[in-house]
Amino acid sequence: MNKERYNIRMAGIGGQGVVTASHILSNGMVIMGGESTLVPFFGSEKRLAPVESYVRIANGKIYEIGEIIYPNLIMIFHPQVITHGKSYTMPFYSGLKPNGVVLINSETPIHLVADEERELMERNAKVYYLPATQLSREIADTDLATNMAMVGAVSAIMGIPDLPSLEQSVKERFLGKGFVVSGGTAALDNVIERKFAKKEQLLKKNMEVIVAAYNFAVEHGWAKVKEKVQV
Amino acid sequence: MSMDNLKISPALEKYMTKEYRDLVERGPYGKQKKVSEMGTFKEIIEEHPMCAGCAMTLFIRLTMIGLPNPEHTILVGTAGCGRLALSQTSIPFIYGNYGDTNAVASGLKRGLEMRFPEQPKDVVVMAGDGGLADIGFSTVLHSWFRKEKFTTIMLDNEVYGNTGGQESGMTQRGAILKMAPKGKKYEKMDMLGLAKTANVPYIVRMTVTNPTRVASVVRKAVLIAREIGPTFIQAYTSCNIEYAIPTPKVIDDAKSLEAERYGFQEFISDEAKAFLESIEPKKAKATKSTEA
Amino acid sequence: MSEGAGVEVKSTSAGAGVVKDSETSEAAGQKVVTPEYMFFEAPRERAFITGSEAAKEAIRRANVDVAISYPITPQSETMQQVGALWAEGYVKEYYRGEEEIGVMSAIAGSSRAGARSLTATAGPGLMRGMEVVASWPGGRMPIVLLIMCRVINAPLSIQPDNAELAYLINTGNIVFHAENQQDFFDYTLKAFIISERPEVTLPVAVAVDGFFVTHARGYVMMPSKDIKLPPRDPYHEAVPVMDNENPPARLSRDAPIQKSNFISYHVHASWQQEVWAAVERSRKYIDMYMGGLVEIVNPDADTIVIASGSAVSQSREAVRQAEEDLGERIGLIKVRSLRPFPTKELREACKNAKRIIVPEFNCVGWLYRDVAAALYGHSKAEIIPGPRVFGGISLPTEMILQYIFPDKKFIF
């Protein structure tokens with residue numbers, strides 16, 4: 001297997017599950033047999049405050065630590081990260097490596113100023129708009145699975161971690177033991193759990209959202225794989 | 001165990017100094033000495049580099065007689081005049097950093113309690129008004145709030161004596177000293193009131209005028225600290241240099257301050273009183289509670 | 001001084017403060033093993049845990065008597081978990097102190113009492129407690145201090161930056177700098193044993209760069225939690241403990257030097273020379289237990305990167321990319337021990353080097369100064385200060401590559 005190695009920067013706003021998404025992606029890579037490191041970066045745990053998280057995933061050894069300054073993939077969980085500057089990293093694509101990918105949760109393309117368009121073009125950046133919150137609402141009847149849609153699309157775009165590993169990771173996240181979570185995140189988990197009444201139901205809905213986003217990426221030709229999958 | 005450690009190995013006896021042999025044979029270890037017996041036993045402190053006529057030295061000397069178990073006592077001090085004498089005592093003395101006494105004592109006492117659950121080890125902090133009320137204020141108050149089981153004795157000379165006469169938090173309002181050239185603008189800190197607020201079970205204000213009482217108060221404070229919680233003695237130990245008190249008048253000064261504003265006060269909690277009565281029924285009865 | 005996010009561990013068992021019988025008996029059932037067995041022979045299992053959890057697991061196995069805590073980001077994670085260990089019976093005494101001067105002093109008290117003592121701090125907390133920390137070596141106190149490095153200078157932030165070590169390495173404390181979660185586990189455990197050796201009897205600080213290691217997960221190979229190190233033996237150390245069980249009775253261990261005179265100068269000089277000699281004597285145990293003061297990769301390379309802590313991880317990746325993508329072999333020296341400093345090891349390893357690069361996570365370049373001083377007159381290599389990052393940002397691999405290959409372009 002060739003060396004596959006991605007540095008991912010995730011930006012969103014507090015309460016969207018950005019850090020949770022990074023844990024799921026990171027742990028999914030480990031479950032798949034690779035390595036991953038993860039650094040959450042949040043000034044203080046405030047709802048609607050900017051949140052960033054950094055994940056390295058690879059099928060080989062990872063040495064580096066710390067936040068990712070030059071990412072291959074940038075995930076924007078909320079349009080306001082770009083439109084309102086709710087971000088620790090401005091502009092949102094700063095440091096993007098040549099030929100890198102920007103995955104933005106938005107139903108429609110976001111208007112960028114001319115300089116931004118030019119700089120993205122100079123880097124040969126691929127900018128993908130995924131209606132992650134919309135998918136979450138349609139399938140799970142909640143906004144809170146937005147993060148699931150985002151990781152589902154990444155699995156398709158990057159090829160790692162694969163869907164079975166992601167599924168296992170989601171299972172461990174909600175049913176497993178000893179996860180490092182913040183107090184705020186634990187409270188949100190409870191909200192989600194109440195909403196779905198049963199954890200099994202929660203897992204199923206999460207996986208449906210993940211698969212829908214995965215297929216969305218395949219349909220739009222962002223993915224390395226060409227085949228859509230069934231839940 | 002400590003008593004055994006003190007004893008001189010027979011083979012080494014002839015090499016030991018007279019000083020040390022006196023300590024073992026005629027020291028206060030393992031027996032409670034009285035102030036009235038001074039001169040008949042080897043005291044824990046004899047030499048010191050303090051100024052002639054210093055009231056603080058007398059107070060420290062009396063304190064050492066009051067210690068119920070000097071062979072199991074560790075002293076903790078900090079920068080200031082007092083440590084010059086304390087480091088000359090024949091019991092372990094810890095001289096740490098500025099204002100750290102009550103924190104060091106907290107860790108020390110807990111460590112000793114953990115290592116010696118059957119043998120009480122007494123920890124006694126002795127430091128100046130600057131060391132305890134100014135730079136060490138935080139560690140003093142927190143040790144009280146945490147109910148740390150050791151005694152804090154403030155040698156209150158109302159001035160930074162060791163550094164050459166600067167105003168301290170315990171200086172009287174109006175006193176003209178270095179760093180207060182126009183006279184101190186604020187009141188003397190009410191450490192006794194703060195000790196009460198922190199529910200310290202035994203609080204005493206005193207001077208050196210009654211030597212027997214000094215030893216008796218120290219003894220009670222150490223015993224209560226062992227079982228009940230933190231104890232606090234605030235003692236006026238004048239600085240005859242910075243306050244220009246003629247050496248022969250040092251005790252007169254203490255007497256007049258006692259009459260004016262530094263009278264003997266003893267506060268003892270019901271729990272502490274009951275404890276004292278349980279170990280020394282007669283003595284405790286004589287204790288007069290004169291809470292202000 | 002505790003701002004910012006605290007990430008808490010959601011435990012499957014009851015939280016801190018609730019002692020379950022099963023947990024108590026689990027702690028009581030720990031078997032004492034030799035340090036050698038603990039470090040080298042005991043079977044280990046792999047865990048994927050944060051640096052804070054790695055520290056906790058080391059402390060669980062370290063037979064700690066007294067631990068005193070004070071919260072500060074990013075250290076709080078560790079010491080609150082040590083509190084949980086106390087609740088479970090793995091640590092005998094524990095409390096939350098008033099602030100760092102109080103904590104560093106109290107831990108000095110418990111060490112003097114003969115108890116195996118631990119605390120941890122970060123950045124501003126270390127600076128606040130520094131007056132006390134700097135006095136520990138002179139007091140010959142075995143203590144383990146964990147340091148989760150963070151910004152100390154203004155504008156203040158909670159992010160990792162290790163400028164705080166600049167003075168610490170000149171205090172007589174032994175100082176290790178852990179690269180990752182595994183190091184943090186191993187160095188912490190080994191620090192207790194090295195600290196308490198009779199010919200050492202010194203505090204050992206184990207520093208790690210905050211967040212990058214403390215809040216990130218990594219693989220850690222750990223022996224079973226059923227075993228623990230032997231307890232501290234305070235009667236086999238360089239100075240008597242203050243427990244009144246040591247003759248003679250007059251024992252002012254922390255002798256204040258009364259006044260300035262020639263005797264006091266002599267006392268101070270000989271005492272500090274002995275402290276630094278004891279620092280040097282710890283080498284034997286660092287070699288024995290930690291595999292040496294340095295780790296060397298590609299020793300024959302013309303260009304060598306010398307780094308400690310998280311900068312080593314970044315350099316490893318730069319070295320890998322240089323070899324795999326650019327076909328160039330670059331040397332790497334990881335400095336595990338900042339004090340004692342690996343002077344002779346560096347002189348030997350760098351004798352044929354042409355260029356030396358010293359990447360650091362601070363603005364003062366304390367490692368560069370030490371490297372330059374050690375190699376002066378012993379190497380013809382050009383010693384390049386940097387690259388350096390300030391304020392706690394990670395050091396991108398691209399920056400290191402740019403210093404290694406000045407003629408190529410890595411950063412846009």
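In chain B of this predicted model, helix H9 (residues 211-227) packs against helix H11 (residues 270-279) at an angle of about 105°, and their axes are 10 Å apart. That angle makes H9(B) roughly perpendicular to H11(B).

**The H9-H11 contact in chain B**

- H9(B) brings B:Lys220, B:Leu223, B:Ile224 and B:Glu227 to the contact, and there they meet B:Ala272, B:Phe275, B:Leu276 and B:Ile279 of H11(B).
- Sorted by class, the residues of this contact are six nonpolar and two charged, with no polar ones.

**Chain B as a whole**

- Chain B holds 12 helices and seven strands.
- How compact is chain B? Its radius of gyration is 19 Å, close to the 19 Å that the globule rule gives for 292 residues, so chain B is as compact as a globular protein of that length.
- Along its principal axes, the C-alpha trace of chain B spans about 65 × 40 × 35 Å.
- Of the 292 residues in chain B, 50% are buried.
- Counting contacts in chain B between residues at least 6 apart in sequence, 67% join residues at least 24 apart.

**The sheet of chain B**

- Seven strands of chain B form an open sheet with mixed pairing, and their order is S2-S1-S3-S4-S6-S5-S7.
- Which strands stand at the edges? They are strand S2 (93-95) and strand S7 (265-268) of chain B; each has a single partner strand, so one side of each is left without a neighbour in the sheet.

- Chain A has an open sheet of six strands in the order S2-S3-S1-S4-S5-S6, and the pairing is mixed.
- Strand S2 (35-41) and strand S6 (126-130) of chain A stand at the edges with a single partner strand each, so one side of each is left without a neighbour in the sheet.
- Strand S4 (residues 73-76) and strand S5 (residues 101-105) of chain A run parallel and are joined by four bridges.
- Among the residues of these two strands, A:Ile74 has A:Val102 in S5(A) as its bridge partner.
- Helix H1 (residues 18-31) of chain A lies across strand S1 (5-13), S2 and strand S3 (50-58) of chain A, and H1 runs at about 5° to S3(A).

**Where chain C touches chain B**

- How many residues are in contact here? On chain C there are 39, in contact with 39 residues of chain B.
- On the chain C side, strand S4 (66-69), strand S5 (93-96), helix H5 (100-112) and helix H6 (124-133) each supply at least two residues.
- H5(C) gives the most to that side, with nine residues.
- By class, the side of chain C that touches chain B has 17 nonpolar, 11 polar and 11 charged residues.

Notes. Residues numbered from 1 in each chain as written. Chains lettered and ligands numbered in written order. Predicted model: local features only at pLDDT ≥ 70, side-chain atom pairs only at ≥ 80, totals over all residues. Contact = placed C-beta atoms within 7 Å. Nonpolar A, V, L, I, M, F, W, Y, C, P; charged D, E, K, R; others polar. Rg over C-alpha atoms; globule rule 2.2 N^0.38 Å. Buried ≥ 20, exposed ≤ 12 C-beta atoms within 10 Å, placed from the backbone. Axes fitted to C-alpha atoms, helices over the stretch in contact; angles between N-to-C directions. Parallel < 35°, antiparallel > 145°, perpendicular 65-115°, else oblique. Pairing = 2+ DSSP bridges.
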